[in-house]
Amino acid sequence: MTNAENTNCDRDILIRISPANKTFTVEEHKSGGIVARKDISPVELYYAINGSYECDTFLSSGLLPEHCVYISMSDKEKHLVLWNPELRADISYGDIEYPDFPIPRLVIGVRMLPNGKVVDCSIGVVEDGPLSLDTKMYFYPFSNVYENSGVCVGNNVLPTYKKQTGLKNFPRYLLDIPDNDDFYDPGHNRLGLGHGKLLEHLKDKEPSYYYSDILVPNGQTLNNYLMGR
């Protein structure tokens, strides 16, 4: 019995599975009637197959929208995360409009189909400054956002973008959706204020005030947010 050799890959290899022993036996028949066998673990088999796999098929991202910091994609959908450069937005709560309202630094997650239709989105609040995988994240202090950062858009129809670069306008579209009290949690701001009172309190503040007096850390990092998209 000798060690298996097949460096030029010109011979077939048999794999025998032994459920009782939880092993795989690799068997190779060589010229001259020589048979070589070796027992390997399932983990070793996985690494052997994974290391030998070669693929020359690539998916093109296309031209990405401005401030796109992350993309994962298949032939069926794309997941993108946009960094929102704006620290003010025109928002509304019930019948009250708040033009040029201060907001914290946001990242916006988007799930898009090949035809450009946005079918899902999320909002995350990150600390102000350069982004890294360790960037600290906070609870979204307002409403309509689930615990997993997904956004409830109610009866509003998410847009379709003929050009992917048009996604640069999506953060503004999302923040323009009228706000209500759905999923609002006063525990997501340090002052414990109700929604209406929080908006009145913040309307004349600077965006930096969120970080000094309002935002509550959620124990996550930007890496957690990206992996959840």
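Is Tyr140 buried or exposed in this predicted model? At 13% relative accessibility, Tyr140 counts as buried (under 20% relative accessible area; exposed is over 50%, partly exposed in between, with a 1.4 Å probe and protein chains only). Residues are numbered from 1 along each chain as its sequence is written, and side-chain values use heavy atoms, with hydrogens and water left out. Because the model is predicted, local features need pLDDT of at least 70 and side-chain atom pairs count only at pLDDT 80 or more, while totals for chains, interfaces and linings use all residues.

**Tyr140**

Select Tyr140, in the loop between β10 and α2. Helices (H or I, at least four residues) and strands (E, at least two) are DSSP runs, numbered from the N terminus. Leaving aside neighbours within four places in sequence, Tyr140 is in contact with Leu106, Ile123, Val125, Val145, Leu175 and His188 (contact means heavy atoms within 4.5 Å).

**The aromatic pairs**

Next, show Tyr98, Phe101, Phe142 and Tyr210, which with Tyr140 form one aromatic cluster. Rings of Phe, Tyr and Trp (its six-membered ring) pair if their centres lie within 6.5 Å; planes under 30 degrees apart count as stacked, over 60 as edge-to-face and the rest as tilted. By this rule there are seven aromatic pairs. One of them, Phe142 with Tyr210, is edge-to-face, at 6.3 Å centre to centre and 90° between the planes. Phe142 lies in the loop between β10 (136-138) and α2 (170-176), and Tyr210 in helix α4 (residues 208-214), so this pair links parts of the chain 68 residues apart. Phe142 and Tyr210 are both buried.

Move to Tyr146 and Phe183. Their ring centres are 4.6 Å apart and their planes stand at 50°, so the pair is tilted. Tyr146 is in the loop between β10 and α2 and Phe183 in the loop between α2 and α3 (195-202), so the pair ties together parts 37 residues apart in sequence. Tyr146 counts as partly exposed at 38% relative accessibility, and Phe183 counts as partly exposed at 41%.

In α3, pick out the buried residues His195, Leu198, Leu199 and Leu202. They lie on the same side of α3, because they cover an arc of only 100° around the axis (the arc is that of the directions from the helix axis to the C-beta atoms). These buried residues pack against β6 (88-93), β7 (96-102) and α4.

Then select Lys205, whose charged end sits over the ring of Tyr209, 5.3 Å from the ring centre (NZ of Lys or CZ of Arg within 6 Å of the centre and within 35 degrees of the ring normal).

**Arg105**

Arg105 is in the loop between β7 and β8 (106-112), and counts as buried at 9% relative accessibility. Not counting residues up to four places away in sequence, Arg105 touches residues including Trp83, Glu86, Asp128 and Tyr211.

Last, show the open sheet of three strands, ordered β1-β2-β3 with antiparallel pairing (two strands pair if DSSP finds at least two bridges between them). β1 (13-18) and β3 (35-40) are at the edges with a single partner strand each, so one side of each has no neighbour in the sheet. Six bridges join β1 to the antiparallel β2 (residues 23-29); within them, Ile17 has Phe24 as its bridge partner in β2.
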